[in-house]
Amino acid sequence: MTLETCNTVRIHAAHGRSQELGEYLASVVKNLPSVSGCLSSTLNRDEADQDLWIIDVRWPSCEVMAAHFAKPSNEGLNGLLSNCFVRQVAFESDAEHCNFPTSR
């Protein structure tokens, strides 16, 4: 049985750059549905912390999600790590049910 899985990216804006970051992220999320295997994607701004943006992406299976992240380019998300609008990026997923082999 193949289980649908999700990944979440939490992005904290650099001081005074939240609006610019939101515009950049909106353009990234707009293109995610065209990525092979992407079921849906959303962008939300945290109500309590206006500098925190959250991207949630749903995938049909662990394998499809893993294949996406194995690609050299992740549709603009790799740019977050060097983007001047960003203070911190955290990647999360519910892939504990995926049983991927651990690397050592």
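Let me begin with helix α2, where Cys62, Met65 and His68 are buried. Because these three residues cover an arc of only 130° around the axis, they lie on the same side of α2, and on the other side of the helix we find Glu63 and Ala70, which are exposed. Please keep in mind throughout that what you see above is a predicted model.

In soluble globular proteins, nonpolar side chains tend to be buried together. Here the largest nonpolar core has 19 residues, and those with the most contacts inside it are Ile11, Leu21, Leu32 and Ile55. At least two residues of this core come from each of β1 (5–13), α1 (18–31), β3 (52–59) and α2 (62–70), and the largest share, 4 residues, is supplied by β3.

Is serine 18 buried or exposed? Its relative accessibility is 5%, and since buried means under 20%, serine 18 counts as buried. If we leave aside residues up to four places away in sequence, serine 18 touches Ala13, Arg45, Gln50, Asp51 and Trp53. With tryptophan 53, the side chain of serine 18 also forms a polar contact, side chain to side chain, of 3.1 Å.

Technical notes
Residues are numbered from 1 along each chain as its sequence is written. This is a predicted model: local features need pLDDT of at least 70, side-chain atom pairs count only at pLDDT 80 or more; totals for chains, interfaces and linings use all residues. Side-chain values use heavy atoms; hydrogens and water are left out. A nonpolar core is a set of buried Ala, Val, Leu, Ile, Met, Phe, Trp, Tyr and Cys residues joined through side-chain atoms within 4.5 Å. Buried means under 20% relative accessible area, exposed over 50%, partly exposed in between (1.4 Å probe, protein chains only). The arc is that of the directions from the helix axis to the C-beta atoms. A polar contact is a pair of N or O atoms within 3.5 Å; within protein, one must be able to donate a hydrogen and the other to accept it, and residues adjacent in sequence count only if both atoms are side-chain atoms. Contact means heavy atoms within 4.5 Å.
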